[in-house]
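Work through the exercises below with the sequence and the structure side by side. Try each task before reading its solution.

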Amino acid sequence: MEQMSFGDLLYTDMQPLAERLRPRTLDEFVGQKHLLGPGKVLRKMIESDQISSMIFWSPPGSGKTSLARIIAGHTKAAFIDFSAVTSGIKEIRQVMQQAEQNRQFGERTIVFVDEIHRFNKAQQDAFLPFVEKGSIILIGATTENPSFEVNGALLSRCKVFVMHALSTEELVEIISRALKDPRGFGSQKIEMEPDMPELIANFANGDARAALSTLEMVILNGEIRSGTVLETPSRDAGGQDVPPILTDSAQDCVVRVSRETLEQCISKKSLLYDKKGEEHYNLISALHKSMRNSDPDAAVYWLARMLEAGEDPLYVARRIVRFASEDVGLADPQALPQAIAAYQACHYLGMPECNVHLTQAVVYLSLAPKSNALYVAYGEAREDAQRQLAEPVPLVIRNGVTQLMRDEKYGEGYQYAHDTEEKLTNMQCLPDSLLGREYYRPAGQGAERDYKDRLEKIKEWKAEAAHRH
């Protein structure tokens, strides 16, 4: 007697969930509203059947292949799925010959080239004549910037559409559909905690394929709460294999997915947290305050806690950029370039590669001299600005661009600092009501000592110049 589990029975010889659940129409497609929302350009092109060659540029799992197939179905064109990883010029020519035959019979052909950036120049050039004469409609997909990875001649004949990584809300919508759709788990009884779809979506980090693969994995590894495992003879009387038969008791099975199962499937141990909840803010606060306290060890630990829990590295990078000016500022003018460079590295590489770049920035900022003088300066200036929004700009620093303005004394008495030996003037730039107000008060740490000395000398010079006049 051969025993089969609930999961074995349901998923024998079936496609992966992500493939089964591919959207079939624009209405089923989730995401890319900037291109496919009502009245948006790409949707209008599809609905009016005015498709031309195009390239989709986006992160993995954002819907490039699915959208290409929807376009082919909507336009009733032949669809050829072509992989740049496994195909060469010989295969390109064979596909182009088939497309040319289709054209002669009045049928359009959409050639979808996944990872088109992997083709070399000669391979990309092989598409050119067929795109030019209309034998094919080329739809390329790439995760790399097509400006650098696609030949200029081919790129000029294609419209580039930039697609975005899916938001957590969009991934939750896809996961919820998978739990209800008969192509997914709609015919099964699945129990999971209410926040688990969002946890899976957070872990997937904008990738629908990763989200559905994770969902499938955790359900296949879930606990069967009721029903029985199936038993069936492995051979019939004639010695032929007999497929398993779903009994009434098995149909009543309930698969329960626990948090522990999810943590095991994604190799996380008690690290999952809600990106909008208290723990999210607790951890970013811990990172920020550890850097402010010049504690690189604690800062790196809290950074790792966030990244390993599935936090968006770009969110962390944005907070680091803020910290560079709020807590370091001119005490180390290189702090901001370091933080910006880390953000760019996160954008180009993503996780897990960018973790070391964030670590570099976090350690640098932890060890940098600290100053919140810029933060304090803007805060005080903001309060004054909000109280005195109608305060007029002094006439001397207004720009008299017309004769009427000059007649009204706009710019009269303006002193051009570059015309002076000291490159300084004692011209009043603040409104009368704020004359003498100081916002920027350097803390005197690191490089800001030099700025503090410079500012003190400027103020001394202006005070002497005012006294002379």
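This is a predicted model: local features need pLDDT of at least 70, side-chain atom pairs count only at pLDDT 80 or more; totals for chains, interfaces and linings use all residues.

**Exercise 1.** List the residues through which α18 and α19 meet, and sort the contact by class.

Solution. Take contact as heavy atoms within 4.5 Å. On the α18 side, the residues are Pro313, Leu314, Ala317, Arg318, Ile320, Val321, Ala324, Ser325 and Val328. They meet Ala335, Leu336, Ala339, Ile340, Tyr343, Cys346 and His347 in α19. Next, apply the classes: Ala, Val, Leu, Ile, Met, Phe, Trp, Tyr, Cys and Pro are nonpolar, Asp, Glu, Lys and Arg are charged, and the others, Gly among them, are polar.

Residues are numbered from 1 along each chain as its sequence is written, and side-chain values use heavy atoms, with hydrogens and water left out.

**Exercise 2.** How do the axes of helix α18 and helix α19 cross?

Solution. Axes are lines fitted to C-alpha atoms, for helices over the stretch in contact, with angles from 0 to 180 degrees between N-to-C directions. Helices (H or I, at least four residues) and strands (E, at least two) are DSSP runs, numbered from the N terminus. The axes of α18 (residues 313-328) and α19 (residues 335-349) come within 9 Å and cross at roughly 175°. Angles over 145 degrees count as roughly antiparallel, so α18 is roughly antiparallel to α19.

**Exercise 3.** Find the strand order of the five-stranded open sheet, then the helices on it.

Solution. Strands pair if DSSP finds at least two bridges between them. The order is β3-β4-β5-β2-β6, with parallel pairing. At the edges lie β3 (78-83) and β6 (159-162), each pairing on one side only. From one strand to the next, the twist averages 20°. Helix α5 (residues 64-75) packs on this sheet and touches β2 (54-57), β3, β4 and β5; its direction makes about 175° with that of β4. Helix α6 (residues 89-104) also packs on the sheet, touching β3 and β4.

**Exercise 4.** Which strands form the open sheet with mixed pairing?

Solution. Three strands form it, in the order β7-β10-β8. The edge strands are β7 (189-192) and β8 (223-224). Four bridges join β7 to β10 (residues 254-257), and these two run parallel. Met192 stands opposite Val257 in β10.

Methods: Angles under 35 degrees count as roughly parallel, over 145 as roughly antiparallel, 65 to 115 as roughly perpendicular and the rest as oblique.
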